[in-house]
Amino acid sequence: MARIYNSILELVGNTPLLEIKNYEKKHGIDARILVKLEYFNPNQSVKDRTALSMVEEAQRQGILKPGDTIVETTSGNTGIGLASVAAAKGYKFRVYLQDQVSEERFKTIRALGGETIKLSEVPVVAETLDKTNGDFVAAVKALKEQVLKEDKNIFFADQLANPANPRIHELTTGPEIWEDTDGEVDILVAGVGTGGTISGTGRYLKSKNPDIKVVAIQPGKGSIPSDDNPEPEEITGVHPFEGIPAEQVPETMDLNVYDERFEVETEDAYKVARDLAKTEGFLVGTSSGAALYAAVEVAKREENRGKTIVVILPDTGLRYLSTNLFE
Ligand SMILES: Cc1ncc(COP(=O)(O)O)c(C=O)c1O
């Protein structure tokens, strides 16, 4: 039977689940570690799901009309996903990016026809960050208000507050894991940025089996900016969700979904991603290294012997070649 797709958007989701047998053997891991390879999405990250979901929901609700511009602020992968969806569906796209985001991301978005603006170049963002002692959620809110005031033909996707973000993981990522494992999954490990991935996937899996444990990754103290170390190497896409003021937690993060919070430092994430590349033969990004680092630590616990641990690996390492991830 012929199988020809009609749009790149039909290829979003249904990513493979791989048991990393070489890695398990090398590290003497007595559990099954299954990695969900989100770089198999057409634009190489989990955020293709979120981008498509937010745009199609806005179309359904009639808040995104032909000729409109889609706008977002993001650490990069959502921008790439939205640029792709905008190109494939014929919308304009503009993204505000954090300055430290890798050059590959800026270039990829522009190659897909999107406009990129550095957040540091937007006065309202700098002013709000200053006023609120670095509250990024408040800065995005202020930016959103200003953008919507200036132009009526804008759809601001707002992945930090858009329910279509976690919902797509409840509708696709969770069910894919459940089906691909025949329901044999004990632990889910995932990083938290907006919290969309872990909230939607975790909620679905727990609805099928409440005994499934969900482990949420947060950057360690050495990997978040502080007075002593204002510019540490960060884990792109992963942010603290505990130990910060409640109003700074994204609305898309369900604080009831996880059973354990696990802190990982960037250097440990790098080591794991490098080791995985040489042991298994594929490249993933820093947040994937962080998630796998935590999964291995959890797998080593006596009570987890023989368990099945599913780890979400959000994106490709190719997006980090200009960074310190791979030497
Ligand atoms: C590379 C990477 N890893 C992890 C995440 C976290 O995913 P979520 O926003 O669904 O929590 C993101 C989100 O931007 C990301 O870009």
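These legends accompany close-up views of a predicted model. Local features need pLDDT of at least 70, side-chain atom pairs count only at pLDDT 80 or more, and totals for chains, interfaces and linings use all residues. Residues are numbered from 1 along each chain as its sequence is written, and side-chain values use heavy atoms, with hydrogens and water left out.

View 1. A pocket is found on a 1 Å grid over the protein atoms alone, as an open set of points where a 1.4 Å probe fits, with protein on both sides within 12 Å along at least five of seven lines. The lining numbers 25 residues, and Lys144, Asp158, Ala161, Asn162 and Glu251 lie nearest the centre of the second largest pocket. Lining residues have an atom within 4 Å of a point. Helix H2 (47–61), H6, E6 and H7 each give at least two residues to this lining. H6 supplies the largest share, five residues. By class, the lining of the second largest pocket holds 15 nonpolar, two polar and eight charged residues. Here Ala, Val, Leu, Ile, Met, Phe, Trp, Tyr, Cys and Pro count as nonpolar, Asp, Glu, Lys and Arg as charged, and the others, Gly among them, as polar.

View 2. Asp158 sits in the loop between strand E6 (154–156) and helix H7 (164–180). Helices (H or I, at least four residues) and strands (E, at least two) are DSSP runs, numbered from the N terminus. Asp158 is buried, at 11% relative accessibility. Buried means under 20% relative accessible area, exposed over 50%, and partly exposed in between, with a 1.4 Å probe and protein chains only. Leaving aside residues up to four places away in sequence, Asp158 touches Met54, Glu72, Val140 and Lys144. Contact means heavy atoms within 4.5 Å.

View 3. H9 runs over residues 266–280, and its end C-alpha atoms are 21 Å apart. That agrees with the 21 Å that its 15 residues should span at 1.5 Å a residue. The expected span is 1.5 Å times one less than the number of residues. In H9, 11 of the 15 residues are buried. Among them are Thr266, Tyr270, Arg274, Asp275 and Glu280. The buried residues of H9 pack against helix H1 (21–26), strand E9 (260–264), helix H10 (286–299) and strand E10 (308–313). Just after H9, Gly281 takes a positive phi of about 95 degrees.

View 4. Val124, Val125 and Thr128 are buried in H5 (residues 123–131). They cover an arc of only 100 degrees around the axis, which puts them on the same side of H5. The arc is that of the directions from the helix axis to the C-beta atoms. Pro123 and Asp130 are exposed on the other side of H5. The cover over the buried residues of H5 includes helix H6 (136–150).

View 5. Asn133 is not a glycine, yet has a positive phi of about 65 degrees. Asn133 lies in the loop between H5 and H6. At 75% relative accessibility, Asn133 is exposed. Gln44, also not a glycine, has a positive phi of about 65 degrees. Its loop joins strand E2 (32–37) and H2. Gln44 is partly exposed, with a relative accessible area of 31%.
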